[in-house]
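Please walk through the protein shown here.

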Amino acid sequence: MSRAGWLDRFDLFAAAQVCAQLGCAAMATQLSKWRRLPADLDWSPCQVGYFLCVEGEATLRGALTDLQHLMGGPDEGPRKIFGGLYDLLVADPCPVELQPFRAILQQHIRETWPFAPGDEVLGEPVLQRTLCSVRETACLLQRPDTEVITTLEAAGLEIPSRLPITWRIYDQDAAKGVLEQLNHGLTAAAFCKALSVASWVFAEMRDSGLLIEVAHGRWDPLAAQRLIDDLLVGAAPVYVGCMTGAAWRRPHQGCS
C-alpha cells in the first residue's frame with residue numbers, strides 16, 4: 001500500500017473525524033479560535049488535516065510535533081495544544097474505530113512530553129518520570145539552561161538544539177548521576193522558588209526530616225523532586241484555572 005493510501009486502512013468516519021480535528025488544531029496556529037470560517041470554507045479543516053496525515057504515521061507525528069512547538073510549552077498540556085483532537089481521542093470508552101489514532105497520539109505524547117507522576121496521558125496515569133525538560137531542570141537546580149545542556153552533552157546525551165528550549169528533553173535514566181555535578185544545594189529561599197513551595201511548606205518538610213541537607217543551610221532539590229514524584233504516584237490530576245497541576249510540584253512555575 002502506498003503512503004498516499006495510509007488512511008484507507010482506517011474506518012472512513014473515524015479518519016474523517018481525526019482529519020477535521022487535526023485541521024482545526026493546525027489552523028488555530030494562524031487564526032483566532034473565536035473566529036468562524038465562512039460557510040463556503042467549512043471544509044477547510046478537513047482538507048488541511050487530510051494533507052497533514054495522508055502520507056502516513058510519520059507525517060502525522062511530524063504535524064503533531066509542529067503543533068506542540070507552535071502552540072506553547074509542555075506546561076500548556078496536550079489538551080490545550082491539540083484541542084478537539086485530544087478531546088475526540090480521550091473519550092472513555094474510546095470507540096474501536098478511533099483506537100488506532102488514540103494509540104498513535106498517546107505514544108507520541110509519551111515520547112515527547114516531560115510528564116511526571118500525577119499527570120495523565122489520554123486518561124491513563126503517568127506512574128514514573130522518564131523524560132525531563134532542560135528548562136525544568138535548570139529551574140530546579142537554579143542554574144542557567146546553557147550550563148545544564150553543556151553538562152548533559154559532555155556526558156554523551158544529545159540535546160536537540162533546533163527545538164524551542166521548553167521542548168528540549170532528555171532521558172532521566174541516561175542522565176542518572178550526571179546532574180549531581182550541578183547540584184550544590186539551595187538556600188531555603190532558592191529552594192522554595194525552585195519547587196514553587198511556600199515557606200511554611202518548606203519548614204514543615206524540613207522539620208519532618210523529609211529534606212536532605214547537602215551543606216549547612218543548603219538543601220538538595222533533586223532529592224526533593226524525587227520525593228514529590230513518589231508522593232504523586234497514583235494521584236488524580238486536579239486542574240485549576242491558569243495552572244496545569246499542583247504548583248508546588250512543577251519546578252518551572254514561578255521561574256522567569
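The largest pocket in this predicted model has a volume of about 590 Å³. Its lining counts 26 residues, and those closest to the centre are R129, C132, Q172, R226 and D229. Helix α11 supplies the largest share, with five residues. What classes of residue make up the lining of the largest pocket? Eleven are nonpolar, seven are polar and eight are charged.

Rolling a probe the size of a water molecule over the atoms shows where empty space is left. A search of the whole structure turns up one cavity of 30 Å³ or more. The volume of the largest cavity is about 50 Å³. Which residues line the largest cavity? They are V18, L60, L64, L85, L89, F101, I104 and L105. Three helices, α3 (57-71), α5 (84-89) and α6 (99-112), each supply at least two residues of this lining. The largest share comes from α6, with three residues. By class, the lining of the largest cavity has eight nonpolar residues, no polar ones and no charged ones.

Next come the charges. Side chains of opposite charge can pair when their charged atoms come close. How many salt bridges does the structure hold? It holds nine.

D229 forms a salt bridge with R129, and their closest N and O atoms are 2.9 Å apart. This pair links distant parts of the chain. D229 sits in helix α11 (residues 221-232), while R129 lies in the loop between β2 (124-125) and β3 (131-133). The two are 100 residues apart. Are D229 and R129 buried or exposed? Both D229 and R129 are buried.

Other pairs have partly exposed partners. R79 forms a salt bridge with D87, with the closest N and O atoms 2.4 Å apart. R79 has a relative accessible area of 45%, so this residue counts as partly exposed. D87 is also partly exposed, because its relative accessibility is 39%. Then there is the salt bridge between E147 and R143, where the closest N and O atoms are 3.0 Å apart. E147 has a relative accessible area of 27%, so E147 is partly exposed. R143 is partly exposed as well, with a value of 28%.

Finally, turn to the cysteines. A disulfide is a covalent bond between the sulfur atoms of two cysteines. How many disulfides does the structure hold? It holds zero. Take C24 as a test case.

C24 is partly exposed, because its relative accessibility is 38%. C139 has a relative accessibility of 8%, so C139 counts as buried. The cut-off explains this label: buried means under 20%.

Note on methods: Residues numbered from 1 in each chain as written. Predicted model: local features only at pLDDT ≥ 70, side-chain atom pairs only at ≥ 80, totals over all residues. Heavy atoms only, no water. Disulfide = S-S within 2.5 Å. Buried < 20%, exposed > 50% of the residue type's maximum accessible area, 1.4 Å probe, protein only. Salt bridge = Lys/Arg side-chain N within 4 Å of Asp/Glu carboxyl O. Helix = DSSP H or I, 4+ residues; strand = E, 2+ residues; numbered from the N terminus. 1 Å grid on protein atoms, 1.4 Å probe; cavity = no way out; pocket = protein on both sides within 12 Å on 5 of 7 lines; lining within 4 Å. Points joined across faces, edges and corners; volume = space filled by probe spheres on them. Nonpolar A, V, L, I, M, F, W, Y, C, P; charged D, E, K, R; others polar.
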